[in-house]
Amino acid sequence: MHHEYKMMVSIIIPTYNYGSIIAQTLENVLQQTYTNWEAFVIDDGSSDHTAAVVAPFVKQDPRIHYISQKNAGVSAARNKGLQYAKGDYVQFLDADDLLSKDKLLLQVQHLESNPHVQISYTNHIYFESDKPDIHYPDYEMNHHHWLKKIDAQGLEVLQLLIHSNIAVVSSPLIRRSFIKANSGFPEHSRYTEDWEFWFNCAAENAHFSFLDHPDAKTLIRIHPHNTSQNIQIMQIGELEFRKRIEKSIRKSKIITTEQINQLLEQNAKSVKTLFKYMMYHANLLNPQELQRYAKTMGLKKFASYYFKGINYQRK
């Protein structure tokens with residue numbers, strides 16, 4: 001085997017009712033110029049024809065494996081894939097997304113050339129299924145370039161991740177040895193599981209390095225826009241995420257007490273800003289919505305912003 005192909009990549013593909021799309025994703029994996037890989041399709045309790053679509057691929061190529069589980073969420077599916085993975089590196093790939101054909105090859109080379117790096121990540125583009133040749137840098141198609149390109153670890157990465165996510169889930173290639181030594185994806189997380197995973201990796205001193213190469217990127221499929229209810233759920237998910245990472249910050253052994261306090265203060269400001277926005281734009285006559293907010297933030301803080309929200313909406 002050529003030297004470049006010695007290191008195996010484990011590709012973990014969680015899927016739930018994507019039978020109409022997953023064949024395209026598997027064809028895309030088969031087109032990778034880097035050939036030493038194994039792929040695990042983790043079916044998270046699909047009720048559609050996913051199993052029937054994947055079966056011919058499993059029969060055709062011994063590198064592709066199909067594993068079914070009861071519905072437990074995307075994080076549990078990714079963690080199930082990690083239990084089976086034997087590769088030196090791990091590529092997470094959602095069942096509706098794609099990789100540029102040289103992505104694995106270029107990132108393996110990147111990690112092999114930089115042994116101090118645990119997580120190599122790349123650019124991403126968003127596309128609509130019916131317009132695959134039109135690309136955007138953001139999900140909302142507003143041409144907002146949000147990707148932070150860093151080569152760092154420790155406090156610098158934590159400060160960036162406190163502010164916002166820095167990578168879509170299929171962008172990084174990760175050393176499996178690092179994942180094994182730390183925890184997998186947070187199974188209690190809603191909508192922020194990749195963000196929280198990167199944060200926990202950073203808290204364990206993972207070195208993140210952006211691979212700036214035009215042929216290394218991931219392609220994220222845009223689905224119909226979220227309803228206002230889904231946006232609220234995502235916002236609540238972020239609030240819950242920010243409450244959980246307080247523990248990771250306090251436990252981190254790679255930063256000083258002063259830096260811990262700075263991160264906690266930065267996180268608290270983000271919580272305040274987000275919750276203020278949510279309450280100012282909430283339906284204050286919807287008891288179910290208000291109950292979700294009160295449960296997430298606590299009754300005292302909720303009550304304070306409830307009255308501020310009333311005054312704001314009266315203006």
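A crossing is left-handed if the near helix is turned anticlockwise from the far one by less than a right angle, and right-handed if clockwise.

## Basis

This is a predicted model, with residues numbered from 1 along each chain as its sequence is written. Local features need pLDDT of at least 70, side-chain atom pairs count only at pLDDT 80 or more, totals for chains, interfaces and linings use all residues, and side-chain values use heavy atoms, leaving out hydrogens and water.

## Helices α10 and α11

The crossing of α10 and α11 is right-handed. Helix α10 (residues 287–297) packs against helix α11 (residues 299–314) at about 130°, with axes 7 Å apart. Axes are lines fitted to C-alpha atoms, for helices over the stretch in contact, and angles run from 0 to 180 degrees between N-to-C directions. α10 is therefore oblique to α11. Angles under 35 degrees count as roughly parallel, over 145 as roughly antiparallel, 65 to 115 as roughly perpendicular and the rest as oblique.

Leu290, Tyr293, Ala294 and Met297 of α10 meet Leu299, Lys301, Phe302 and Tyr306 of α11.

## Helices α1 and α2

Helix α1 (residues 22–30) and helix α2 (residues 50–60) pack at about 20°, axes 9 Å apart. The two are therefore roughly parallel. α1 passes α2 in a right-handed crossing.

## Nonpolar cores

A nonpolar core is a set of buried (under 20% relative accessible area, 1.4 Å probe, protein chains only) Ala, Val, Leu, Ile, Met, Phe, Trp, Tyr and Cys residues joined through side-chain atoms within 4.5 Å. The largest has 41 residues; Phe92, Leu161, Phe197 and Phe208 have the most contacts inside it. Helix α7 (residues 193–203) gives this core its largest share, seven residues.

A second, separate core has 25 residues, including Tyr34 and Val53.

Note on methods. Helices (H or I, at least four residues) and strands (E, at least two) are DSSP runs, numbered from the N terminus. Buried means under 20% relative accessible area, exposed over 50%, partly exposed in between (1.4 Å probe, protein chains only). Contact means heavy atoms within 4.5 Å.
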